[in-house]
Amino acid sequence: MKLLFGNLKFSKESVKTKFYLFYLLYFIVSALVVTAVKRQDFKTCEQSSFCKRNRAYADKLTANHSLISPYSVIQDSIIIKDGIISGDLINSENNLIFIFELHLLEIGAARIRINEKNPLKPRYDKAKDWALIQDPSYTLEYTLIPSKPDVTSLSFGKERKQAVSIYHSPFRVEFLVNDVPIITLNDRGFLNIEHLRKQDAPGLVDQSNSENDQVIEDENDLDKGLWKETFNGKEDSKPNGPESIGLDISFPGFSHVYGIPEHASSLSLKETRGGDDSYSDPYRLYNLDVFEYEVDNPMALYGSIPFMMAHRKGASAAVLWLNAAETWIDITKNKEDKHRLSSLLGFGKLTPTSTSTHWISESGVIDVFAFLGPTTSDIFYQYGLLTGFTALPQSFAIAYHQCRWNYLNQEDVAEVDESFDKYDIPYDVIWLDIEHTDGKKYFTWDTVKFPTPEKMQTNIGIKGRKMVTIVDPHIKIDDNYYIYKEAKDLDLFVKEPDGRIYDGWCWPGSSSWVDFTNPSAQEWLIKKFAFDQYKGSTEHLFTWNDMNEPSIFSGPEITMPKDLIHHGGWEHRNLHNLYGIAYHSATSKGLINRSNPPRRPFVLSRAFFAGSQRYGAIWTGDNFAKWDHLAIATPMLLTIGISGLPFSGADVGGFFGNPDTELLVRWYQAGAFQPFFRAHAHIDTKRREPWLFGDPYTGYIRDIIRERYALLPLWYTLFHEASTTGMPIIRPMFTVYPEDEETYAMDDQFFVGNSLLVKPIVNEGQTSTEVYFPGNEIFYDYFTLKKVQGSGKVQIEAPINKIPVFLRGGNIIPKRQRIRRSSAAMRTDPFTLLVALDKFGKATGSLYLDDGETYDYEKGHFIHLQFTFSKRKLISKSLSVLNNDENLYAQSISSVRVEKIIVLGLDLKPKHIFADCIDCSKNSKRELQFGLPTTNLANAVIIKGTDLLITEEWVIEFS
Amino acid sequence: MAHTFSLIDPIKRSLTIHILILELVILSFFTLNAYAKVDNLSKLLGVEESKAHLYEAKGPDWTCLDGSATIPYEAINDDFCDCADGSDEPGTSACPNSKFNCRNIGHISSFISSSRVNDGVCEPECCDGSDEYDGKIKCPNICKETNAEYTKKLKELEKLRAQGIRIKKEYIEKGRKIKTKNVAELNRLEIELKAAKIRVKEREAALKKIEDSKTDTEQLAPKGNRERMKKIHERIIALKGDVTRLHEQIDTLLSILKDMKNNHNQNYHDMAVKTAIKAYDEFLEEYNKDMETEDGDEVEENYEDTDDDIPDKETPQIQEPSEPTYQERFLEMLWEIKDGVLELFGLQSKRYYSSSSSRDTPKELTAARDAFEEAEQEQKDIENHIDEIKSKLSQDYGLEYEFAALDKYTYSLCMFGSATQKSNKDHSSTDLGNFAKWFGAESSNDPRYYTRMLYEDGARCWNGPARSVKLYLECGADNQILSVSEPEKCEYHMRMISPAVCLDHNNDQNNHNNGHKHDEL
């Protein structure tokens, strides 16, 4: 049996054999020693010169209390006009002048901008063009508060409950709510704007009073990276020299801060400059493709949202640091408050911990928004008004997605599709990764594997299913590739500093990157999604944007060199974190525009920035089939969710590696309660479609996917809420119980909306867990409908077929109990209402529905119902016009019924149950049939509601 | 239980259908924008004919088929699930566990899951379109066409199967012959082996006798020489084995590295991997060069080696399958010269002695030794042959030995041997695995057992498992690989048709019925 390497001739007796063998073994062994993330591929703060300089600056000020911030307001420069307070600052160390503007905004927030007054050339200030939906309007509701001469104070907002004080010297800004300071800027004096300079100009700060030689040496060392930096042999030419900005932002009285995704870290952010369980590096925001990332780490990942929220009893506050350059954030918590606040707060013995943060960006201007709450939902709304609410997705997008790198060909796709039917597991979307293309040329098909893509899409489309193909931003350099040719001819590529088109390495090999910050590139890409342009695409086809950090295998830190040039001559360093959103935006618009009338897009992106919620979903990138990666998904998604981007998920099963059956089942259970629910796997892994595991495991996976489908009306209603109020879809415990301190750092359990408490099981072999039930409320086991005994921490059984999920008393959730093969096939199915009464016998809930595809809902074609249960009456009222002849959607579901109503926790069993319509002249009161299940349920009453229509208002009485 | 259809009263059947059609007409009449309200469905909708009597009205109430509850008769098919077994909703999607029966008049009736009723998709199982009646979508009755197509396909399949079965019979015949032949051969060989063993003993005794009859001094050297020769012979064989093994290991390692080069994750810039790939490329270049020039080098190396270890030029006696190569001839020549020179100068070393002594051995002794060795070899050959036949006889060639005829039938898959993947580009080939077992069913008595073959332990993938192949066999008139796919890295699926898996009609009918029986339960 002679095999292998037919082209090699082997002699029979070669003594060289051993020599070769030795070397071969050596290569193989050295190649196999592979650890997870290669930390050395990515910079630490120490290796990023501007971070190091700003940290050193902070250290200097912290170490020497006599040092104060050199920035102060120039006497009499302050002008207050139309909601804008502006003035000049001077840095006493170099006598440079800066301008600052403080905008009081209608949305209940304030904005502060600081820039050089006369910069050598303009500093980058376009992050706002991508992150904000528009320039926010200023409020005229403000009053000047008389104060000391070196302080300018105003109260603002309708009730003048919010206030801002600008301290002139040193420059410091304090935001107060109800006279209590909640955010202060430059409290610790870390404000630092490295002015643009010529190379021979003096350094960052004047060193006139340097204490000793050691310091001088250090500072010389700090000067090293000013004009050129090298990392892992890759040089950053830095022609503009140092241009970083830094500022400390403090949250007095707050012991917990959240946000600044994306990091594989806890919900409540950790300290980074000493303290218990702290990180040694700051949290970093720099969109990067990190291979096999580590959990519990502040390293940068694929996306960046420079938004941070602080919360304590009675108050919430947040900031948005609007900057798209590489950014680092140090966090410290003070056990004692040095700044005269403890007495003001009146917490008595319980001296609160304050949190101080230090924000450092490589370039740009200071542009900070302060959201003053006072509640977390106020902040979500304020932030949403500024950066946009999440786009209401097509309804299929929140169902289950089946992905793998790669489904090989049309036969493979057909087989997977059929198998879902065969095993009675619903799914909505099948995904094709990079191998579907002709040589990784996006917008093309490998015609051997996919000879008839339209037919393939139609075949799954008939069943109400969709397909997603990947379209990445790296463009293969190949003059025969129309995309490359067009982009080159239109001059859309990112350039080298010398003007040549940049050429890097990615999946297709040598590639170039379209500069999506160029409006022409946006326009061009949008057109590329037209059906006649993207050959083989149909309306069943949607898009996946991967590698848009951008990921460049040959680049520094696997991304784009910072000195590359974008549209307008801007260096990449200024806008790195925007690249992903710019691409996501164009793709999303492309999908909207390809249909007439337009249809809602679905685009999944890996990179993101503030505002990405307007364009679609994101996922947490290339995770690992390990328990700790399953565990970290919860805090990661919660964090992303409170940062304005609620449509997110983690690859079910873990992208790298092979999950064992238990891990996979647990991951499906967790994924079914996350907003974006997709299974995905690396090309090197074993197949893991749900039916490959055999019963009982396939059954467990089937059950939980089906439960997701049963709950789709709830999920869709929550997406609608998110798209109008900014409320996250899955919510941290502290946002639901803002007064319960026990919940502030809790990130292993969470709420879906306000009604379902979920605690995923994330440990191997675990069959019970402790769940925290806040308050003195009633909770029901979602699956058994039994009342939970006790409150606070309760031990809960969680065998392998069960994820702990609880229905919170006081809620009514809409469900659809008939599970079809796809969500589209369920659109005229009847509803089931699950009514869980609280201890006062009350409950509320809502249901939002529309066609799930078009923008007709914007013209009133939707239904939005409010359900209330109180005084033994369940009422369904419409929050919108239902009977309007113009509401085509309501008409289209006019025969859809509420087939079943399950009421939990009714104190007295009803003798009769009557239904009647509301505001109708006819006498339509009739008795409904009901049953009282004999099983040990929480006083459940099951009503057979055969003629209750979802599009009518009605009342049900329990007598 | 044989599966039967169209046994029920045709009048009743057409009545049901009429009601259904009537409903559909009414329904579609009401359905302008909205989907139809499905009031008052026939109580028989979705009920299979054989159970229709269970749904007849026998009073105001009706008991679920599992006896779990009694409900108003009107609650049958009222689109609300009352019975735990779903029996009250045969015609709607209300009960997740019920099955909807499409009568498919003119074709074969079939069941679909209740979740497919009114889901907006025309189920291929329901050619009569009865599964969609709420107006979302109109499914035409295509039973006539479906049946025609089905009948046609059935005929084709039948033809193919008949053809396949004929060939399979030949295979079985052939297989039997092979088996009989092998058994006979085995018997014959075993007898021969006995004879050979006796011969070896005899000749050994004869040889010993001759050797013993020699004087001590003279006999010692050749005997010592002989021992030494034997050892050297063994050592050379061992070395050859080593070299072959090492070459195989090189092959494996090269294949691993090639795999790594082709399949490593470029996304991850691991310097160790990159270095290894670079070194591999360099190595390969060097290695190929060496392979080309090796012939020349080898002479020298062999010479040096043999100078120390191999005492005489009897080396060529070691059985070589082919003619002496250039190197060997050259080597022999060198020895000739060396011997000649030494002799010339009267410097007969001990080594020379020993080497020449074998030459001086009396013809009688040589003959005896040759005879003994010949007998020994003969015995070995027979033993090998027996092993080979035994392994063939123990191979699992199917219930009726039908696969025996396919042994060594090479595609890029060698039945019962190895599967290989040959590159069209560089003619390199990769080991995908060796035949391990059949796995079509749990029991080997199940005819399906012999429809799936597993080939495993192929060349290991970079960063992955050893390659393996699952071969799926279907009935066909000839042997052909239909498709090969790699659904996950390094696990190949091959679809193949072969007459050897064609089942005759009776068997198949049983299976068919089993399937239906199951459905009906």
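With 110° about the S-S bond, the link of B:C81 and B:C95 is right-handed. It makes a handy way in: this disulfide, meaning a pair of cysteine sulfur atoms within 2.5 Å, has a sulfur-to-sulfur distance of 2.0 Å. B:C81 and B:C95 are 14 residues apart, and each sits in the loop between strand 2 and strand 3 of chain B. Strands here are DSSP runs of E with at least two residues, helices are runs of H or I with at least four, and both are numbered from the N terminus. B:C95 is buried, at 0% relative accessible area, whereas B:C81 is partly exposed at 23%. Those words have cut-offs: buried is under 20% relative accessible area, exposed is over 50%, and partly exposed is in between, using a 1.4 Å probe and protein chains only.

Before we go on, a word about what you're looking at. This is a predicted model in which local features need pLDDT of at least 70 and side-chain atom pairs count only at pLDDT 80 or more, while totals for chains, interfaces and linings use all residues. Residues are numbered from 1 along each chain as its sequence is written, chains are lettered from A and ligands numbered from 1 in the order in which they are written, and side-chain values use heavy atoms, with hydrogens and water left out.

Let's stay with the cysteines. Over all chains, the structure holds seven disulfides. Another one in chain B joins B:C64 to B:C83, with the sulfur atoms 1.9 Å apart. This link is left-handed, with -80° about the S-S bond. B:C64 is in the loop between strand 1 (61-63) and strand 2 (70-72) of chain B, while B:C83 is in the loop between strand 2 and strand 3 (99-102), 19 residues apart. Both of these cysteines, B:C64 and B:C83, are buried. Over in chain A, A:C45 and A:C51 are joined by a disulfide, S to S 2.0 Å. The torsion about their S-S bond is about -100°, so this disulfide is left-handed. A:C45 and A:C51 are both buried.

Now step back to chain B as a whole. It has eight helices and 10 strands, and 40% of its 521 residues count as buried. Take the contacts (heavy atoms within 4.5 Å) in chain B between residues at least 6 apart in sequence: 49% of them join residues at least 24 apart.

Chain A gives us a sheet to look at. Five strands form an open sheet in the order 33-34-35-39-37, with antiparallel pairing; two strands pair if DSSP finds at least two bridges between them. Strand 33 (730-732) and strand 37 (779-781) of chain A stand at the edges with a single partner strand each, so one side of each has no neighbour in the sheet. On average, neighbouring strands are turned by 35° against each other, direction ignored. Further in, three bridges join strand 35 (residues 756-758) of chain A to strand 39 (residues 805-808), and the two run antiparallel. In that pairing A:V758 stands opposite A:V805 in strand 39 of chain A.

Helix 13 (residues 627-642) of chain A lies across strand 33 and strand 34 (750-752), running at about 95° to strand 33. For that angle, axes are lines fitted to C-alpha atoms, for helices over the stretch in contact, and angles run from 0 to 180 degrees between N-to-C directions.

What about the inside? In soluble globular proteins, nonpolar side chains tend to be buried together. A nonpolar core here is a set of buried Ala, Val, Leu, Ile, Met, Phe, Trp, Tyr and Cys residues joined through side-chain atoms within 4.5 Å. The largest one has 212 residues, and those with the most contacts inside it are A:F371, A:F602, A:F673, A:I901 and A:I956. Helix 13 of chain A gives the most to this core, with eight residues. Not counting residues up to four places away in sequence, A:F602 touches a set of residues including A:F396, A:W431, A:F542, A:F647 and A:F676.

One last stop is A:I74, in the loop between strand 1 (71-73) and strand 2 (79-81) of chain A. A:I74 counts as partly exposed because its relative accessibility is 26%. Leaving aside neighbours within four places in sequence, A:I74 is in contact with A:D88, A:L89, A:I90 and A:I97.
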